[in-house]
Amino acid sequence: MTDLFEGLLRSYDERRRAELVAAYMAVEHAAEPVPEVRFAALREPALRRTVEEMLALSGRTLVRHEQTRWTSGYRDDIAAELAKDPECVPPVRERAVLTLVLIHSVAIPRAAGLLSDDTWLSPHPTPLDELRRRTQLPVGELDAALRRLRLAGLVSQVKAGADDAGGFVPGPQFHRLTGAARRRLQEELILAAGPDSPLAAAIRARRRGREREQGENA
C-alpha cells in the first residue's frame, strides 16, 4: 500500500510515515469516526493535509465530526459519478426500506425538535412492526432488504431500552457523508416525505434555477 503513497510520503521520516498510514487506515476502515487525539496525523494540520492527499488518490476525502473526530468518504464529484452507475445503486426495495427508516428515525424526530438539522444518526429506532405496516413488501422480502442494508452499513438494529423491542436506525455509513451530501439527502427526504409541501416546492424551484444557470454557463 505504501507504494501507492510513496510520492506523498517520501519527504517524511519513518515515524511520520507510520503515523500517516495509521491515520489513513483508521479513517478508511473504522466504523465510527476516530478521535484525533489518538492520531498525530489527524491532530497536526500539515500532516492532516497529507492524509487528505492520500485519500484523494482514490477519490476520497476527510470528513470531520464533532470538531475533533474524523472519518473518510467519497468526494462529492466522485459520489455523483458513482450514483450514475447502476452497479453502485441499491435495488429499489432496499432504497424504499431505507427511506422509511430515515423518515421515522430522522425526519419525524427532527420535525419534533429532537434532532439537530445536520445529523443523520438517530437514537429513535423505527420498529419492525412500523416498517411492516408502511411497506407493501412481503415479510420475507422486507427482512432480506433489512439484512442487506445492515451488511452494507446503511442501517443498524438497536434496542431502545431494556423493555423495548427497539428497531432500525441509519447505519455507520451515514458518518461518511460530506456536508454537501448531507444537505442533498435532507432535500431528498423532504421531497419523499412531503412532496406537496411548500418546502418541497422551494427545493424544486432552487434546483431548476441551478440547472438553468448550469445550462447558461455550459
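Two strands pair if DSSP finds at least two bridges between them, and that is the idea to keep in hand as you look at Leu62, whose bridge partner in β3 is Ser72. Welcome to a predicted model, in which local features need pLDDT of at least 70, side-chain atom pairs count only at pLDDT 80 or more, and totals for chains, interfaces and linings use all residues. Residues are numbered from 1 along each chain as its sequence is written, and side-chain values use heavy atoms, with hydrogens and water left out.

**Overall picture**

- The protein holds ten helices and five strands; helices (H or I, at least four residues) and strands (E, at least two) are DSSP runs, numbered from the N terminus.
- Its C-alpha trace spans about 60 × 55 × 35 Å along the principal axes.
- Of the 218 residues, 38% are buried, where buried means under 20% relative accessible area, exposed over 50%, and partly exposed in between (1.4 Å probe, protein chains only).
- Taking contacts between residues at least 6 apart in sequence, 48% join residues at least 24 apart; contact here means heavy atoms within 4.5 Å.

**The sheet and its hairpin**

- Three strands make an open sheet in the order β1-β3-β2, with antiparallel pairing.
- β1 and β2 are the edge strands with a single partner strand each, so one side of each has no neighbour in the sheet.
- Strand β2 covers residues 60–65, and five of its six residues are buried.
- β2 and β3 (residues 69–74) are joined in the antiparallel sense by six bridges.
- Three residues separate β2 from β3 in a hairpin.
- Glu66 sits in the loop between β2 and β3, and its phi is near 50°, a positive value in a residue other than glycine.
- Gln67 belongs to the loop between β2 and β3 and has a phi near 70°, again positive in a residue other than glycine.
- Glu66 counts as exposed because its relative accessible area is 66%, and Gln67 counts as exposed because its value is 57%.

**Helices against the sheet**

- Helix α2 (residues 14–29) has 16 residues, which at 1.5 Å a residue should span 22 Å; the end C-alpha atoms are 22 Å apart, so the two agree. The expected span is 1.5 Å times one less than the number of residues.
- α2 lies across β1, β2 and β3 and runs at about 70° to β3. Axes are lines fitted to C-alpha atoms, for helices over the stretch in contact, and angles run from 0 to 180 degrees between N-to-C directions.
- α4 lies across β2 and β3, at about 135° to β2.

- Val97 lies in helix α6 (residues 92–111) and counts as buried because its relative accessibility is 1%.
- Setting aside neighbours within four places in sequence, Val97 touches Leu131, Leu137, Leu142, Ala145, Leu146 and Leu149.
- Val97 and Asp143 are 46 residues apart in sequence, with their C-alpha atoms 9.9 Å apart in space.
- Ser116 falls in the loop between α6 and α7 (128–134), and at 44% relative accessibility it counts as partly exposed.
- Ser116 and Thr61 are 55 residues apart in sequence and 24 Å apart in space, C-alpha to C-alpha.
- An unreviewed UniProt entry lists residues 121–159 as "domain: DprA winged helix"; UniProt positions are given in the numbering used here, feature names are shortened, and annotations may be inferred rather than shown by experiment.
- Over residues 121–159 the chain is 51% helix and 10% strand, with end C-alpha atoms 15 Å apart.
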